[in-house]
Amino acid sequence: MQLSRTVEYALHATLQLARGAAGGPISSSKLAAVGVMPERFLLQVLRQMVTHGLLRSTRGVDGGYALARDPNEITLLDVIEAVEGPLVFKPPSAQTLPEPTWTGLRVTLDNGVAALRAEYARLTLAQIVKDSAAEQAASAAAPPVDSSPAPVSSVSAKTRRDGPANSIVSHTDPSLDRANRASI
């Protein structure tokens with residue numbers, strides 16, 4: 001499954017707002033700049049989320065957008081459905097498959113979408129922000145990876161310099177040398 005660009009922008013914006021939830025509204029231009037998104041398109045996405053009750057907008061010099069609810073109450077499913085509509089299985093024409101096959105396929109796909117909806121409904125903006133902060137802290141605390149080459153043992157250095165110890169071709173066997181020269 002691939003998320004649309006609209007969903008991607010909606011997630012960028014709502015996660016930025018969730019990180020700065022107590023700091024007041026954030027302007028659309030700042031949301032666009034931080035998320036590297038075109039502001040005109042982002043404004044359309046933000047308006048959809050205001051219409052669906054996920055964001056509130058404030059006009060004026062100190063205006064901008066803020067979450068309309070606590071980040072613990074806004075789910076990934078809320079954000080996706082605010083900009084894309086209900087997450088449902090949209091089947092192709094039933095005429096392309098025999099009826100028993102079609103019915104079984106539809107039940108399976110409906111069950112898959114129901115499981116996906118349940119998982120997205122479980123994950124809140126607050127949890128995503130918390131998980132990403134923990135991941136950033138863990139990567140910052142991790143010891144640096146040593147990118148210097150590994151030391152070469154004396155055996156492997158000798159093998160590189162002199163060739164393998166148990167070579168299949170003997171360089172001192174004249175019959176092999178004649179056969180190799182003849183094949184050239």
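User: Which residues of α1 are buried?

Analyst: Buried means under 20% relative accessible area, with exposed over 50% and partly exposed in between (1.4 Å probe, protein chains only). Helices (H or I, at least four residues) and strands (E, at least two) are DSSP runs, numbered from the N terminus. Here α1 is mostly covered, with eleven of its 15 residues buried, namely T6, V7, Y9, A10, L11, A13, T14, L15, Q16, L17 and A18. Residues are numbered from 1 along each chain as its sequence is written. In this predicted model, local features need pLDDT of at least 70 and side-chain atom pairs count only at pLDDT 80 or more, while totals for chains, interfaces and linings use all residues, and side-chain values use heavy atoms, leaving out hydrogens and water.

User: At what angle do α1 and α2 cross?

Analyst: Axes are lines fitted to C-alpha atoms, for helices over the stretch in contact, and angles run from 0 to 180 degrees between N-to-C directions. The axes of α1 (residues 5-19) and α2 (residues 28-35) come within 10 Å and cross at roughly 110 degrees, which means that α1 is roughly perpendicular to α2 (65 to 115 degrees). A13, Q16 and L17 of α1 meet K30, L31, V34 and G35 of α2 in this contact (heavy atoms within 4.5 Å).

Notes
Parallel < 35°, antiparallel > 145°, perpendicular 65-115°, else oblique.
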